[in-house]
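Dear colleague,

Please find below the structure that I am handing over to you.

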Amino acid sequence: MTILHTSDWHIGRTLYGRSRFAEFEAFLDWLAATIEREGVDVLLVAGDVFDTSAPGNRAQQLYYRFLCRVADSVCRHVVVIAGNHDSPSFLTAPRELLRALNIHVVGTVGDRLEEEVLVLATEEGVPEAIVCAVPYLRDRMIRSVEAGESVADKERKLVEGIREHYRVVVDRAETIRADLGLPIPIIGMGHLFTAGGQTIDGDGVRELYVGSLAHVPAGIFPEVLDYLALGHLHIPQLVGGCQARRYSGSPLPMGFGEARQNKSVCLVRFTPAESLQPPLISTIAIPGFQRLERVTGGWQTIAGTIEELAAAGTQAWLEVVYDGEELIGGLRERLDEMVAGTDLEILRIKNSRLFTRVLEQNTSEERLDDLDVHQVFTRCLEINEVPGEQWESLRHAYREAVISLLEDDSERDEREM
């Protein structure tokens, strides 16, 4: 049996206002062709199918066309779980219809955790794998709130809640495997942030929980899992150094910080034997569908790099970060003149020299585009001269409010659909 693990498609995401639907369509075409070429039996999609909880028509069209194409291919089963960007109710709305195509969607935690345990069978009806399809676990699903709780209490209850959730689901899978009496693998799925996970600034990976639980200990997963397919982190990586526990990463670079990053999907092969053997795991590189380039340096370096790219006929979107000593006026106009008539397009210009000067002058000219929500809050603390010893508790309360707002926005979008 051959499994392909992917995640974090973020269909509908834009990059500084530019649509990326051509890239998403190219990736899904490539993925469908890869499934055919590699003889993939099971496709696992570990969350964040869409970039928002209310995806537009074009994003939905790409998703459902792809599912129909895969259902008509060599692939016998597709398992999709919801990520923190997804709307659970939106993903699960067509669940019964998709199930007729052997497409299994788990969007949220139901009344019975056994519903997250899927027994996948061959065309002859012989069970070949058990999938523990655990979706993104929202705080309120796994932790009861009590008055007077400390931060440490919240963190402990979150860890315990996540650990217990996986324990119950995997225990159910083990019972099913024992009853079947067959040496078939138990595959885990999840969408969360494990401790030690690698990220890149600007990749859009949100904090999931408050405090240190933005990073969940890797030890919460039961050892019995034969493979663990995770989503949420956009860099392909192992979990705790274990070959059979992985993040597949996002298929497209989510920002210019990932411009030179190699993207891939995971191919997991289980070979038939009297007893279950460890899988053979490899990665398949995803081709680049839209080149991104971050050009950094002083004026001479930036100008030279752009000239080289233009001379080579490069088609690329650029982010230009000027960090030279000289204060240059009209930087945008000079750069636009350089790329005129070429296949280069500048999506963002960051004048670090001007930015630093503004900060040194302590003026209000700092642009919101250069700050994330947490940096904005830090500026508020500075401006209001809040004593330093109060910063940690205030930042913690602020992070909790931001995470709560993101979840409330998602639920409101679901009600309005």
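**Helices α7 and α8**

Helices α7 and α8 lie roughly parallel to each other, because the angle at which their axes cross is roughly 25 degrees and angles under 35 degrees count as roughly parallel. Please note that the model is a predicted one.

Helix α7 spans residues 299-311 and helix α8 spans residues 331-339, and their axes come within 10 Å. The crossing in which α7 passes α8 is right-handed. On the side of α7, the contact is formed by W299, I302, A303, I306 and E307, while α8 contributes L331, R334, L335, M338 and V339. Eight of the residues in this contact are nonpolar, two are charged and none is polar.

**The chain as a whole**

The two helices belong to a protein chain that has 11 helices and 15 strands. The chain comprises 417 residues, of which 49% count as buried. Among the contacts with a separation of 6 or more, 72% are between residues 24 or more positions apart.

**Residue R399**

V373 lies 26 residues from R399 along the chain, and the C-alpha atoms of the two are separated by 9.4 Å.

With kind regards

How values were computed. Residues numbered from 1 in each chain as written. Predicted model: local features only at pLDDT ≥ 70, side-chain atom pairs only at ≥ 80, totals over all residues. Heavy atoms only, no water. Helix = DSSP H or I, 4+ residues; strand = E, 2+ residues; numbered from the N terminus. Buried < 20%, exposed > 50% of the residue type's maximum accessible area, 1.4 Å probe, protein only. Contact = heavy atoms within 4.5 Å. Axes fitted to C-alpha atoms, helices over the stretch in contact; angles between N-to-C directions. Parallel < 35°, antiparallel > 145°, perpendicular 65-115°, else oblique. Left-handed = near helix turned anticlockwise from the far one by under 90°. Nonpolar A, V, L, I, M, F, W, Y, C, P; charged D, E, K, R; others polar.
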